[in-house]
Structures are given as structure tokens and as C-alpha cells.
Amino acid sequence: MLGTRRFPHRLTTALAALGLLAASAALQASAGAAPAHAAAATHRVLFDNAHAETAGNADWIISTSQPDPLGQNPSPSAETDWTGALSSWGVALQKSGGYSLKTLPSGASLAYGGSSATDLSKFDTLVLPEPNTVFTAAEKTAIMNFVKNGGGLFMISDHTASDRNNDGKDSVQILNDLMSNNSVDSTDPFGFSIDSLNIDSGYPAAVNDSTDPVLHGSFGTVTKSLFANGTTATLKPADNPAVKGLVYRGGYSGTTGAFFVTSAFGKGRVAFWGDSSPIDDGTGQSGNTLYDGWNDSGATNAALALNATAWLAGSGADSGGDPGTGSCTAAQLLGNAGFESGATTWSATSGVITASTGEKARSGSYYAWLDGTGTAATDTLSQSVTVPAGCDATLSFYLHVDTAETTTTTAYDTLKAQVLNSSGAVLATLATYSNLDASTGYTRRSFDLGGYAGQKITVKFTGTEGSKLQTSFVLDDTALDVA
């Protein structure tokens, strides 16, 4: 029906307040007893060595045989069977019988969705052990999409000014750049930023949380870690409610001084460690000055690294709200989804939520009517929700468009459906409708919002009308379903 609105009928409203990717390959042969978490699935982990991880005294590799460490020794029993300062980490995972390990070698690039043997789509977890060259724009897009679609990301930093290859960038800057300057989500996607600090020494303690699978996992219980020139992170739970500090610098708690952090993004998981010394096992290639933080008697660094790897790969037990398999409770998140409570819950231009007879609700009496005045105007309708971490999410709504425009080629009047972050920045424009979409009756529209799991978002509709002939955008029976 043609719905020109020529009368002031609007009322002001107010704003109300990682699935595991399992491989079907057989388990690798184990040289030691497997911990309780080992299962019939092989958890695939890629260690990065394409970003100067061996510059200076760093030797952040699991083996000199790359991409496959089994080329150096197919059945390692001691950490010296593989060469590299991270060989203890790699050998421990290999001996567990539940992991397939590869290294992205120097000269290669991180990619997602390709056919290469080291493409991120073929892995469950990516480890970035103190990168010392900036990721390219394409690499940052690949990393973020990998996590968004269910991958695990382990970021290990070092202290500020730890520029091992003297290119003007250290790991603090490089990892902050990854999180704040990418094409997927640059609006604090993980809910934390890395501090520009150099904390020379200390044994930061773990929080008291007996249910956390990183602190209490199959590889042991975490009590303390190690500062040997490292840094911390500042948490921003308003940007991502899944962010969580597990180990804190002495005298710090809450949102400041977090030394080990976990979070979620989309369907994936994220971990951050503020120093590379805890993963250093003291042995590696000749000529490097190394320190054995892995076996430091004052800390439990090995358990922290291994439990976190298991959790990132999806093989650790889930704790409340963390992304994983089967932890999401099905729900519909939008309040007043069918508008039957009138001008409540939603934030809307005055009169958008209405029971006017000028248009017809799809169900009930109320609906949302944007534009339709035949004058230059903009109407908005929005609602903020937090999508639980680990959930699939689908936004749906019914839309009816009628217009007095006669053109079949020009979109004079438009309706945008968008997703915004907690600061109001547009994360995505899901669709743009116009007078060209006019038809009788309502049509259901739906969009996958699973990539925003673990984040507070705003669903917003913006109708913009020209100055002559009317177009009415009519919405009803909205839903944001998670499962």
C-alpha cells in the first residue's frame, strides 16, 4: 500500500540499556604418555617464523626443519632432538600424541583460504612468537578472518623497544597494529591493547579460578609466570566482554597490568603473553644468547604455554562463556522484537515505532515505519546487544517497501541495515534497500552475525528519503537468534 505520512504522529523513544576444526588424520606416534586431553582428533598448530622470529638473539622456532619439524627427528623424546629455543614446547606437544605441528618458514606469507600446505585454513591454531616485522595488510586480513571463523591465535610479545632486527618496529607495535589496523575489525576486536612497558623482572601470579582450562588444564596447574623484560596489557571489557586476565603483575588486577590474557573474536579464541622469556627453553641454534624460562623453578611457564595451546585448539575444557563446542545457550537477543511494547527498548526517531493505520503490521498491531513523508528526511532505528562468545548468530527481520517513485533504475530513497561497535563505528553494512525494492507484502531478510560473537554490537537501520516522492521502509518481527 502507498504510505505517505503527512502528519506528526511520532513519539520519542529511548535506548535500553571456538568451535574446533577437527582433522580426520590418525594420531601421530607418541614417544611418551599422552595427557588426558589427547583424543582421536589431531590439533593442527602453525608456528610463525616468517616475521624475523630469529633476529638477534631470538630463536623462536620449534625446529630448524621447516615447515615440518619431523624432518629433523620424527619421534623426539628430548627437547634437544629438535633445534630451537621453542623446541621444548614443540616436543611436548608432539609427545602428547594429539598435535600436528608445522612452521611457516622465513620468506613465506600468512594466508587464509588458499591451497598452500601452510595456509591458515589447514590449522586450528596460529602461534606468533614475538614477531619483529610488520604484517602486511593481506596478512592481517588473513589472521583476523582465521580467528573470526574459529581459529585460535596465540600472540606473544616482548618489552617495548625490543626491536631485534632494527627496522624501527618492535613486537608491541606490531601486535597492536594487527589489532587496530586491519580490514576485518579495527575497533579493539579482542578487548585489549598491549602496553609500552619494559618490566625487568618478577614472578606475576595467576588469578584464583579453579574452573579456567588454561590455568587448570591437562598439562598442569598454573601458579606463576615470569617477567624477564616484558610488558602487560590493558583490558577493555566494554569493547569485548570475553576478555579476561589470567596472570597479573604484582599489585595489579582488573583491567590493568594483565600479563596473560584470553579473549574471543567471532567463533575463535585469542591468548596473549607479555614476554617471550617464559617460552625460551635455553637451547637453540649456535651463537644465540638464550635463557631457560621454560623450566624456571619459580614459575609454571610450561603448563601455561601447553594448556593455552590446548585451549586455543579447542581441546581444553570450556569455561563460562568461552568460545568452544556446545557451550552456547540458544536464545533470541533483541528486546521488543515485534514492537508490540510500543516505543520501548529500541532507540528510534520519534514516531518510527507506531500502530498507525497508514501501513500494516506483519503481526500484531505495532511495527517500525521509516521515512514515507515525501520530504528530505532521515529516520533511524537501533538496539544494542552482546552476542555471547562461541555462538552462531543470525539477524533476521521482515521488510516491506512501498514507494511513489516511478523510476526502475535510480535509487532515490535508501534503507541501510548495519552493525556498529560499542563506540558507534560501523563494522559492516549488511544490506542497502531502496525504492527499487518495492513490492507487495513483507519479505524476510537474514544475515550471519556469528563473526561478532563475544562482542557488544548495535544493530541499526537508517532510512534516508529524498525531497519529492515518498518511499516507506516498514519493518516487523525482528530477531537476533543465537545457538
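Modeller: Gladly! A charge sits over a ring if NZ of Lys or CZ of Arg is within 6 Å of the ring centre and within 35 degrees of the ring normal. This is a predicted model, where local features need pLDDT of at least 70 and side-chain atom pairs count only at pLDDT 80 or more, while totals for chains, interfaces and linings use all residues. Residues are numbered from 1 along each chain as its sequence is written, and side-chain values use heavy atoms, leaving out hydrogens and water.

Colleague: Which ring does the charged end of Lys148 sit over?

Modeller: That of Tyr452, with the charged end 5.2 Å from the ring centre, against a limit of 6 Å. Arg362 lies over the face of Tyr398, at 3.6 Å from the ring centre.

Colleague: What makes the pair of Tyr112 and Phe146 edge-to-face?

Modeller: Rings of Phe, Tyr and Trp (its six-membered ring) pair if their centres lie within 6.5 Å; planes under 30 degrees apart count as stacked, over 60 as edge-to-face and the rest as tilted. Here the centres are 6.2 Å apart and the planes stand at 70°, so the pair is edge-to-face. Tyr112 is in the loop between β2 and β3 and Phe146 in helix α2, so the pair ties together parts 34 residues apart in sequence. Helices (H or I, at least four residues) and strands (E, at least two) are DSSP runs, numbered from the N terminus.

Colleague: Why is the pair of Phe227 and Phe259 called tilted?

Modeller: Their ring centres are 4.2 Å apart and the planes are at 45°, so this pair is tilted. The structure holds 16 aromatic pairs.

Colleague: How do you know whether Phe146 is buried or exposed?

Modeller: Buried means under 20% relative accessible area, exposed over 50%, partly exposed in between (1.4 Å probe, protein chains only). Phe146 has 1% relative accessibility, so Phe146 counts as buried. Tyr112, at 32%, is therefore partly exposed.

Colleague: What span does helix α2 reach, and what is expected?

Modeller: Helix α2 (residues 137–148) has 12 residues and reaches 16 Å from first C-alpha to last, close to the 16 Å expected. That expectation is 1.5 Å times one less than the number of residues.

Colleague: Why is one side of β14 and of β20 left without a neighbour in the sheet?

Modeller: The open sheet of 5 strands runs β14-β17-β22-β19-β20, with antiparallel pairing. Strands β14 and β20 stand at the edges with a single partner strand each, so one side of each has no neighbour in the sheet. Two strands pair if DSSP finds at least two bridges between them, and 7 bridges join β19 to β22.
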